[in-house]
Amino acid sequence: MMDQTIYALASGAGRCGVAVVRLSGSQAFDVLKQLSGKESFKARYAHRVHLCDPSDGEPIDDGLALYFPAPHSFTGEDVVELQIHGGRAVVQGLLDCLAAMDGLRLAEPGEFTRRAFENDKMDLTAAEGLADLIHSETRAQAKQALRQMEGALGSLYNDWADRILRILAHFEAVIDFPDEDLPQEVEDGVRAQVDTLMGEIEDHLKDGHRGELLRDGVRLAIVGPPNAGKSSLLNHLAKREVAIVSDIAGTTRDIIESHLDIGGYPVVVSDTAGIRHSEDVIEIEGIKRAQDRAESSDLKVVMFDCGDWPELDDKTLELIDEDSLVVLNKIDKNDKPDISEIKGHTPIYMSAKSKDGLADFFKKLEEEVASRCMMTGAPALTRARHREALEECVQALVRFSHIDLAELAAEDLRMATRSLGRITGRIDVEDVLDIVFSDFCIGK
Ligand SMILES: Nc1nc2c(ncn2[C@@H]2O[C@H](COP(=O)(O)OP(=O)(O)OP(=O)(O)O)[C@@H](O)[C@H]2O)c(=O)[nH]1
Ligand SMILES: [K+]
Ligand SMILES: [Mg+2]
């Protein structure tokens with residue numbers, strides 16, 4: 001696989017000003033020479049080229065070519081980048097011409113990055129950061145992904161692995177010289193180091209999933225009785241008429257999802273069916289989905305018509321927990337009731353019609369979203385894959401601290417470093433590679 005030269009359109013599909021086609025592998029430079037009819041190219045320098053199909057001399061385009069000789073390229077192999085005009089026919093013409101050349105083939109999704117990983121250009125966390133950067137939709141997401149791509153997570157995990165390896169070295173010394181007792185202070189020192197390390201990893205794990213929330217989006221559900229104004233609120237949040245609004249109770253039946261950028265943070269908001277007693281099988285199903293979505297969300301907006309006070313719907317009240325914003329809507333047509341708290345929450349008053357209180361609600365919501373996924377000084381865990389491996393690592397360290405026998409203890413330390421090595425791809429990762437690189441698109 002690796003000795004084949006691959007090519008792909010690296011820029012987005014569809015008509016555009018400039019498109020980039022990239023080649024990587026031992027034949028890349030030869031292909032460039034054939035297409036351009038030029039023999040010499042200065043490395044990492046933009047050259048004006050007239051590209052022609054070498055089989056029949058037909059012109060393809062007038063563009064730019066860059067040559068990155070191995071190993072100083074993205075993949076670590078010889079890489080050629082062709083910048084051509086982004087018309088469909090031009091791009092297809094070049095791709096067809098490349099397809100017809102011997103030994104060349106279209107790259108698999110993520111294959112350029114996979115080669116970069118195989119050639120030690122980046123570790124797995126950096127490759128994942130790159131995938132996230134390409135998929136990022138908000139500023140904060142892009143920032144986190146860039147930080148990860150630049151190695152913030154990788155160096156954190158490598159540093160932990162190196163520290164465990166140093167501790168392991170102490171223990172191997174004991175095993176190799178069983179006659180000499182390890183001085184007590186050395187053993188105490190080692191145990192203290194393991195404790196410190198465990199504390200650091202546990203702090204990293206106990207981050208409230210902020211990195212994962214920022215990567216995947218905070219899930220927000222809007223729930224409440226029919227006609228509370230849930231769909232009206234969704235439309236305000238999305239700044240367009242995503243959901244049907246009407247004065248008929250039970251208008252929304254299915255879940256309506258919308259991907260939003262709230263203050264730079266990604267939020268997946270779900271508008272749901274109004275919760276009430278119903279005999280209609282379809283409405284009953286919708287209400288069940290609403291309740292399930294409320295349960296599985298990171299944050300809920302629990303909304304009532306303030307005119308219903310003090311008879312607020314029981315089933316809706318049941319859904320209020322610490323991750324809830326309690327909203328009393330329709331203050332334009334009702335007297336604002338004076339309520340100090342509802343199940344421990346100070347209610348937010350607003351009108352989805354007159355927009356009174358809407359700005360305050362947005363501000364509060366943004367704070368809640370930001371507090372769940374705000375970036376801190378330390379790089380955050382971004383994937384369940386990392387979390388599982390870190391949990392394994394901590395388990396091994398816990399076993400280590402409860403064992404006396406040096407041989408077994410050393411094995412636990414080895415397992416702890418292996419768990420960390422699986423995250424960065426330092427060791428036995430064949431099985432995770434396909435999963436990691438399946439996240440990519442073709443051309444990356
Ligand atoms: N006066 C007033 N009317 C509102 C307000 N918010 C929504 N409405 C109206 O209340 C009715 C119901 O609004 P929706 O947004 O459809 O309510 P919903 O909670 O999605 O209702 P279901 O989907 O049936 O559960 C519509 O006629 C809205 O125009 C408000 O703040 N004040
Ligand atoms: K309605
Ligand atoms: Mg609705």
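Hi everyone. First, the ground rules. Residues are numbered from 1 along each chain as its sequence is written, while chains are lettered from A and ligands numbered from 1 in the order in which they are written. This is a predicted model, so local features need pLDDT of at least 70 and side-chain atom pairs count only at pLDDT 80 or more, whereas totals for chains, interfaces and linings use all residues.

How confident is the predictor? pLDDT is its confidence in each residue, from 0 to 100. The protein has a mean pLDDT of 92, and 95% of its residues reach 70 or more. For the complex, the predictor gives an ipTM of 0.99 and a pTM of 0.85. A word of caution for any model: where pLDDT is low, the predicted coordinates should not be read in detail.

Let's start with the ligand. How many residues surround ligand 1? There are 23, and the closest are Gly229, Ser231, Thr252, Gly274 and Lys353. Near here means that a residue's C-beta atom, placed from the backbone, lies within 6 Å of the molecule or strand. Sorted by class, this shell has 11 polar, six nonpolar and six charged residues. In that count, Ala, Val, Leu, Ile, Met, Phe, Trp, Tyr, Cys and Pro are nonpolar, Asp, Glu, Lys and Arg are charged, and the others, Gly among them, are polar. Which helix gives the most to the shell? That is α9, residues 230-238, with three residues. When I say helix or strand, I mean DSSP runs numbered from the N terminus: helices are H or I with at least four residues, strands are E with at least two.

Now to the sheets. Strands of a sheet pair through backbone hydrogen bonds, either parallel or antiparallel. Here, two strands pair if DSSP finds at least two bridges between them. One open sheet has six strands in the order β8-β9-β7-β10-β11-β12, with mixed pairing. Its edge strands are β8 and β12 (348-349), each pairing on one side only. Helix α10, residues 281-296, packs on this sheet and touches β7, β9 and β10. The direction of α10 makes about 140° with that of β7. Contact means C-beta atoms, placed from the backbone, within 7 Å. Axes are lines fitted to C-alpha atoms, for helices over the stretch in contact, and angles run from 0 to 180 degrees between N-to-C directions.

Let's zoom in on strand β9, residues 265-271. Why is β9 described as largely enclosed by the rest of the structure? Because six of its seven residues are buried. Buried means 20 or more other C-beta atoms within 10 Å of a residue's own, exposed means 12 or fewer, and partly exposed is in between, with C-beta atoms placed from the backbone. On one pairing, β9 and β7 (residues 218-223) run parallel over five bridges, with Val218 partnered by Val267 in β9. With β8 (residues 256-262), β9 runs antiparallel over seven bridges, and Ile256 has Asp271 as its partner. β8 and β9 form a hairpin with two residues between them, and Gly263 in the turn has a positive phi of about 60°. Strand β7 also runs parallel to β10 (residues 299-305), joined by four bridges, where Val223 is partnered by Val302.

There is another open sheet of six strands, again with mixed pairing, in the order β3-β4-β5-β2-β1-β6. Here β3 (47-52) and β6 (104-106) are the edges, each pairing on one side only. From one strand to the next, the twist averages 30°. Six bridges join the antiparallel β3 and β4, and Cys52 stands opposite Pro59 in β4.

Finally, some backbone spots to look up. Most residues other than glycine have a negative phi, and most peptide bonds are trans. A cis bond joins Ala70 and Pro71, with omega about 0°, and Pro71 sits in the loop between β4 (59-68) and β5 (79-86). Another cis bond joins Trp309 and Pro310, with omega about 5°. Lys239 has a positive phi near 60° and lies in the loop between α9 and β8. Is Lys239 buried or exposed? Exposed, because it has 8 C-beta neighbours inside 10 Å. Lys355 has a positive phi of about 70°, in the loop between β12 and α12 (358-373).

Notes:
pLDDT is the predictor's confidence in each residue, from 0 to 100. Two residues are in contact if their C-beta atoms, placed from the backbone, lie within 7 Å.
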